[in-house]
Amino acid sequence: MMNYLTFANQISRYGPANMPLNYLVSGTDPSIRNVVLNDLFGRFAETGRQVIILDDTYDMMELNNLRTKGFSLQNGLSGEFCLYDPINLKSVKNMSRLRCLLQLMDYTEQKKQKLIAYINFISYLRKLSKDDHSAMSLEVLSEYSSAILVEEKLQELLFSGIIDQTRQMHLLGKYSEICSAAADFEDTLFLLAPFIMGNKSLYDNENARCVKYFKISEMDSDHVLKNIAVKMIAYTIEDAPDNIAVVVFDKGKGDRNYIMDFLSCVSASAAEIHMFSEDIFTLGNSDEIRSVSNCFSARIYTRHTAMDSCLAIEKEMGDIDVVKTSSAVTYDRRWKANKPLDILFGKNKTETYTTNAPCREPKFRKEMIAGMQQGCGIIEIAGNSSIFSV
């Protein structure tokens, strides 16, 4: 039985040129998961990839072996990293991202528009005062967080001759229309602060062996915070350089829509992505699973405990033509037909062999998938599949 890398190399040799191998490993077999993970980090070490791990499991002991490859773990949720700046609205893309983050926090459409108008209002005042040389930040927003502070800014503009009294009254009236968004956004910032207050970049070219580790399972059942964290990480990866590799650990149970959103965002970027799941088929319905599977060119399946998941693998691997043969033996029991010599040499019978027409049967039956031994799995690349062992 061949190794999975041997099969992958054979398929890659005859497949599209430079076909990237993004691995999806689904199943309960820890030995195959460890082997694939160690092989991946060996490749990351050779190519100098910067690695980001998104861990939604309770205990992934495989990470302890990364030190043998020269990697170290750094907590990405420690607050020292600035993942993504949602306040920068210099492009439609950034505005759309902010709206998506607000949607996760149940902002209505009216509240979204008010908040964007509030941020644009502050940007306009900064341009009038020629104080827009620095990027919009939480510190800048704090300078306009109350009516008194805004009035002081407008008074300074009036004294310096930049605006007249009529313009001042107009801007005060405009601020009174959108000031409620400022108060609501201050509460929102408490959720965003752990991800945007850090002074370090997530990408450190000087120490590529330092893995940024995001253990989102520590947020337990707080799906709002998980959605925000995962979305911020995904935006950061989208804007990342090309030498980024992303590894996702999935616990394989419960509502995990944030994992699907993360994969859909990251798959459109230049990052190399791999996923290890206890059961990928519990992530959503069949259409959603199909869209997730399309993010990975190489899929490895080991033993699954749920029979529905085994059936899904059986269908995904497809059918093959099976030719079956049948045989029949006819004995003539009449005394006249049973001569001593015929009985002695076994000639007192008629044997018939029949080859049936080919029929379609699953290449790998669900019962076989449910009963696979440890170290045994199925690999599928570009429509070609095979059993392998480690």
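Q: Is the crossing of helices α7 and α8 left-handed or right-handed, and what decides that?
A: In this predicted model, α7 and α8 make a right-handed crossing. The call rests on the near helix being turned clockwise from the far one by less than a right angle.

Q: And why are α7 and α8 called oblique to each other?
A: Look at the angle: the axes of α7 (residues 165–196) and α8 cross at roughly 40 degrees, coming within 10 Å. Roughly parallel would need an angle under 35 degrees, and roughly perpendicular starts at 65. The pair is therefore oblique.

Q: Which residues make the contact between α7 and α8?
A: On the α7 side they are Leu191, Leu192, Phe195 and Ile196, and on the α8 side Leu225, Ile228, Ala229 and Met232.

Q: What makes Lys226 and Asp56 a salt bridge?
A: Their side chains meet at 3.2 Å, N to O, and the cut-off is 4 Å, so the pair qualifies. Lys226 belongs to helix α8 (residues 223–238) and Asp56 to strand β2, so the bridge ties together parts 170 residues apart in sequence. Both Lys226 and Asp56 are buried, which means each has under 20% relative accessible area.

Q: How many salt bridges does the structure hold?
A: There are 18. Another one of them joins Glu278 and Arg33, at 3.5 Å from N to O. This pair also links distant parts of the chain: Glu278 sits in the loop between β6 and α10 (286–293), while Arg33 sits in helix α2, 245 residues away.

Q: Why is Arg33 called buried and Glu278 partly exposed?
A: Arg33 has a relative accessible area of 9%, and anything under 20% is buried. Glu278 has 29%, which falls between the 20% and 50% limits, so "partly exposed" is the label.

Q: How do you know that Glu316 and Arg299 count as a salt bridge?
A: The N to O distance is 3.9 Å, and a pair within 4 Å counts, so this one is in. Glu316 comes from helix α11 and Arg299 from strand β7, 17 residues apart. Glu316 is partly exposed at 29% relative accessibility, whereas Arg299 is buried at 13%.

Q: What joins Arg43, Arg49 and Glu272 into one network?
A: Salt bridges that share partners do.

Q: Why do β3 and β13 count as the edges of the sheet?
A: Nine strands form an open sheet, in the order β3-β4-β2-β5-β6-β1-β7-β12-β13, with mixed pairing. β3 (72–75) and β13 (384–389) each have a single partner strand, so one side of each is left without a neighbour in the sheet. On average, neighbouring strands are turned by 20 degrees against each other, ignoring direction.

Q: What makes β7 and β12 a pair?
A: Four bridges join β7 (residues 298–301) to β12 (residues 376–381); at least two are needed, so they pair. The two strands run antiparallel, and Tyr301 stands opposite Ile378 in β12. Helix α11 (residues 307–317) packs here too, touching β7, β12 and β13, with its direction at about 140 degrees to that of β7.

Q: At what angle to β6 does helix α2 run, and what would you call that?
A: Helix α2 (residues 30–47) lies across several strands, including β1 (23–26), β5 (244–250) and β6 (272–277), and runs at about 165 degrees to β6. An angle over 145 degrees counts as roughly antiparallel, so that is the word.

Q: What makes the phi of Asp106 stand out?
A: Asp106 has a positive phi of about 65 degrees although it is not a glycine. Most residues other than glycine have a negative phi. Asp106 lies in the loop between α3 (92–104) and α4 (109–128) and is exposed, at 66% relative accessible area. Ala382 is also not a glycine and has a positive phi of about 50 degrees; its place is the loop between β12 and β13, where it counts as exposed at 52%.

Q: Is Ile87 buried or exposed, and how do you know?
A: Buried: its relative accessibility is 2%, and the limit is 20%. Ile87 is in the loop between β3 and α3 and touches Ile119, Met136, Ser137, Leu138 and Leu141, leaving out residues up to four places away in sequence.

Technical notes. Residues are numbered from 1 along each chain as its sequence is written. This is a predicted model: local features need pLDDT of at least 70, side-chain atom pairs count only at pLDDT 80 or more; totals for chains, interfaces and linings use all residues. Side-chain values use heavy atoms; hydrogens and water are left out. Axes are lines fitted to C-alpha atoms, for helices over the stretch in contact, and angles run from 0 to 180 degrees between N-to-C directions. Contact means heavy atoms within 4.5 Å. Buried means under 20% relative accessible area, exposed over 50%, partly exposed in between (1.4 Å probe, protein chains only). Angles under 35 degrees count as roughly parallel, over 145 as roughly antiparallel, 65 to 115 as roughly perpendicular and the rest as oblique.
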